[in-house]
Amino acid sequence: MGYKIGIDVGGTFTDTVLIQNNEVIKKGKVLTDPKNILNTVLEAFDFLEIPPSMPLDHITVSTTLVTNAILLNKLSKVNLILFPGSGVRLSSFNWPVKYSVLSGELDYRGREVLPPDKREWKELTQRLSSHSENPLVAIVSKFSHRNNIFETELKAYLENEIPNVHIALGSEWGKSNFYRRSLTTYLNLACTELFSNFRCNLKKAVISRGFNGPIRILKADGGVFPLERIRPVESIYSGPAASILGALAQSEPEESFIVVDIGGTTTDIGLVLGGSPLLSFKGAQIDNFLTHIRSLATRSITVGGDSTIINRNGEIIISNYRTGPAYCMGGNSPTPTDAMRYLNYIKIGSYQKAEEALAELLPENERQALTIRTLAESIIEQMVEKIILAIKQLLTEWKNEPAYKVWEVLHQNLDYKFNIYLSGGPAAGLAKTFENKMKTRAIISNWAPISNAVGAAMAKPTFSWTLNLDTSLAKYRIEETGEQGAWKGAKRPYREVEKFLVDISKEQALEMGIDFDSFKIEPFEYFPLVDNHRTIGQIVRGSVHLPPGVIGRIL
Amino acid sequence: MMVNTGIIFFPAFDWSLGETHPEREERLLYTQEQIFEEGIMDFPQIKQYSPEVADIFDVLRTQAIFPDYRQHDLDAHLIAVGSSIILGKAIIEKELTNGFALIRPPGHHSGATVWGNRGFCTLNNEAILINTLRAKYGLKKLAIVDTDVHHGDGTQDIFYNDPNVLYISIHQDGRTLFPGTGFTEEKGGPNAWGTVINIPLVPGVGDEGFIYTFENWILPKLQEFQPEIIINSAGQDNHFTDPLASMNVSAQGYGKITELLKPDLAVLEGGYSIQGALPYVNMAILLALAGEDYSGVIEPQKLKNMEVSGEAFLSFIHDLKKHHDNVKPNWIFRKEKYFPSGDWVYGEKDIFYDTHWFRERRKDYVRKCNHCGGTVLMLSQNLETYEKGLVIRIPFEACETCEQAGYDLFDALKEREKNIFLQNLKNNKVIWRIGNGEVNFG
């Protein structure tokens, strides 16, 4: 087995690690330059001092590039064109972007109810070309995941009229939910240029250092995807995914645990059930965009080792912001890290400074050792309680996942025994308090400080192929790729549909450059279609997943 | 006011009453496609809850299942009941303003005694919910408005003698549709006269007729009764595309009815136009509950013009109401030797189980009482197997005499009968005597 590199770009630091045969060979941290993520990644790479002759399996990068661009609104301008048909009023939703509307309507099986009005298309062409010579256009129709006809026809029309137009279709994000599909299509197109630049420059830089192997990008769902093939917007929220994968790479195969990754300003929480990271049943939300991006179920709260502690009218509060490093590390304000240092839960930083920082929070006549100690303890308690509240919310979300089948309701397994995996700088200082409050084992792995980079390096590729087959209309669709084709098989197929889907998945995985070894098949659903007391066909739904997981366990 | 609308969507995609049966897997498939595609679950005021299995005690408090509840396949039904209860509790606890249990299977044809499935129903979701809320939260006055095109004979059966539950059913006339009951003369038992209101309509009255009836009959009755909670048995078979009925109501009409009624909880009942109606009607109801604009909900099929409207409808509905108001009770008094003191009103009926084609005979005795709903004795017999089952029901807030009467009946009957339920709603207890053994619930 060759060498693997993991790089996780965080808000403050970027972790980097070199792994061979499930052993960490070299690890470290470099400062993140949020203005130049590419340089940060390259610095992290160079830190590992890898000789050009070293056989590299792959480089995996978890980057905040796209997340930051969305949050700072540094996106390209996209024209969003909608075919909403009838139903819920568009104005019932909060739209973070502008859109224009065309007529035409499909129903829930993709049958045409009202044809589009081609006169509108002409006007649209004029409007688009008057603003730009190479406009970006996202076209989304309601029910396009069942029939992409309006989208593909308009695309062909526009490409003919405006030679340099760049078009993305909603059916390429073929899950139901018109609103989310619209926003996801928009966002992905809007960050494509930014990501392409990053992709080219990273590739060039790595090649110039003598490596030609695969570069992988970590996604929000805890899986990796080849740099060349990933849809840019899927790279958001890879940080929390990296910490869950990192813990997974250091745990027992069937273990269930809560991952708590405590950073300087934020704490990320995730859930692993019997060795499988829990995916969120809804797509991710970023800024005001609700999307179809699959992500691990996580909670992020703004509390960390460097959160500023304030005295508000005698009440000691952990704020949700950071003013700099902890006082005991040379910063300006008291932080939970100072409390940990004072209690000797951690050994780095100045003890005197920590004491000073805490004393500052007390009235002058109360600055005795015992009071300071009590204060330090109460700060740790407060911090841990905040995190536990978020853990409870995440557990509730998991327990309240909807179920649509009798079998699912009767076989809900909520009976897991959870350990806690702590990672991040301040982890060591909080383990005891977690154990006492949660009455469970808190584990801090050897590689806790660079756990995210380990997670990135060890992550497996993920993808899903969800089939919707309507034999009565003789059409099938693959939701995740937007593929829509004619069904030539039986009206009432049975097990051969599974093979049909697995064959498609296998072929496409090969083409995407991802391994297709440990796939899972969800139980297929068969709906007999009845007309006039006769069965006239079937709707079959089912999916094949490459679920998130790790290549191996770090020793 | 900001609304919080709870929804449980439980389509039971792995349950059916037969492959081509109307109550089959496909029934809520397109509703799911429609509602999910429309993104309604993403509205900030909509909260999706997950289904749960109901406790059998909650069922047996309200319905006696014969000959043995363990012999029936109740899984799907228990989840439908459990889901209704989750939303009902969340509403009482003010977590939600209102809710929609968008569930299968339905329940309103299932009555106080159950020998099997009838009208696609085995357990009565709304009735079990209502009695669970009374037992748990002490609610006193409750109302069910049944807008299914079929008469909710099961719900009526359960609350017929209960003065504290107002049951209003608006439906297509029983002379032209299953189950063949729900006439204006059916107004409640001797201690609950007037708390059952049946409004059997002629076919084809459409949105206009429904809205008029709500504004001029149903809403004033609710206003007068002042219930603490209103449950809507929301059947969707009044829609103009329904294959079994012909009431000619549109999806927007359903939205308007929901907006007028303002139910605390809507529970899906029937409705088998699974492509033409359900995706649109369900959406309109959900939007109306959530306080959203439903005027964009337009079904692809167009309404056929066959409405009974204008003057013709007005004269029909006025005659019907007049007839309803003028109906006087005609009690038959009868008792057996072993009965405790008091006047007992007797009634009997046959109940047809259309799913498996058999009949049940029921003989009911209600103790006439000026202080409470009165203890009820139901003698039930399955006319296919000749098995018998008995129910003694002591009502919520029973007076001491009626409660004692219930226990006296139980003592008198337990040696001679093999299968008896004693439902003491007052003390929230159920005793099931089967053979020589007794099982206690609560």
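# Notebook: a predicted two-chain model

**Entry 1, a buried pair in chain B.** I began with B:Arg61, which counts as buried because its relative accessibility is 5%, under the 20% cut-off for that class. I am working from a predicted model, and I keep that in mind throughout. I then looked up the partner of B:Arg61 and found a salt bridge with B:Asp58, in which the closest N and O atoms are 3.0 Å apart. B:Asp58 also counts as buried, at 13% relative accessibility. As background I noted that side chains of opposite charge can pair when their charged atoms come close.

I next looked up B:Glu26 and B:Arg24, whose side chains meet in a salt bridge at 2.9 Å from N to O. B:Glu26 is buried at 1% relative accessibility, and B:Arg24 is buried as well, with a relative accessible area of 7%. Then I turned to B:Asp411, which forms a salt bridge with B:Lys414, the closest N and O atoms lying 3.5 Å apart. How far apart are B:Asp411 and B:Lys414 in helix H10 of chain B? They are separated by about one helical turn, because they stand 3 residues apart in that helix, which covers residues 400-414. B:Asp411 is partly exposed at 44% relative accessibility, and B:Lys414 is partly exposed at 21%. Over all chains, I recorded 52 salt bridges in the structure.

Setting aside neighbours within four places in sequence, I found B:Arg367 in contact with several residues, among them B:Asn191, B:Ser341, B:Asp343, B:Trp344 and B:Cys402.

I counted 10 helices and 18 strands in chain B. Its radius of gyration is 21 Å, close to the 22 Å that the globule rule gives for 442 residues, so chain B is as compact as a globular protein of that length. Of those 442 residues, 66% count as buried. Among contacts in chain B between residues at least 6 apart in sequence, 71% join residues at least 24 apart.

I found A:Thr16 in strand S2 of chain A, residues 13-20, and its relative accessible area is 0%, so A:Thr16 is buried. A polar atom of the A:Thr16 side chain lies 3.1 Å from the backbone oxygen of A:Ala44. A:Ala44 is itself one of the buried residues of helix H1 of chain A, residues 37-47, which also include A:Ile37, A:Leu38 and A:Phe45. What covers the buried residues of H1 includes strands S1, S2, S3 and S4 and helices H2 and H6 of chain A.

How many residues of chain A are in contact with chain B? I recorded 49, in contact with 46 residues of chain B. The area buried between the two chains is about 3900 Å², of which carbon and sulfur atoms give 54%. On the chain A side, A:Tyr108, A:Tyr404 and A:Val406 lose the most area to chain B, together 20% of what that side buries. I also noted 8 salt bridges between the chains, and A:Arg181 forms a salt bridge with B:Glu37 at 2.6 Å between the closest N and O atoms. Finally, I traced a network of salt bridges that links A:Arg146, A:Lys405, A:Glu479, A:Glu525, A:Arg541 and B:Glu33.

Methods. Residues numbered from 1 in each chain as written. Chains lettered and ligands numbered in written order. Predicted model: local features only at pLDDT ≥ 70, side-chain atom pairs only at ≥ 80, totals over all residues. Heavy atoms only, no water. Contact = heavy atoms within 4.5 Å. Buried area = accessible area lost by both parts, 1.4 Å probe. Salt bridge = Lys/Arg side-chain N within 4 Å of Asp/Glu carboxyl O. Helix = DSSP H or I, 4+ residues; strand = E, 2+ residues; numbered from the N terminus. Rg over C-alpha atoms; globule rule 2.2 N^0.38 Å. Buried < 20%, exposed > 50% of the residue type's maximum accessible area, 1.4 Å probe, protein only. Polar contact = N/O pair within 3.5 Å; in protein donor to acceptor, adjacent residues only side chain to side chain.
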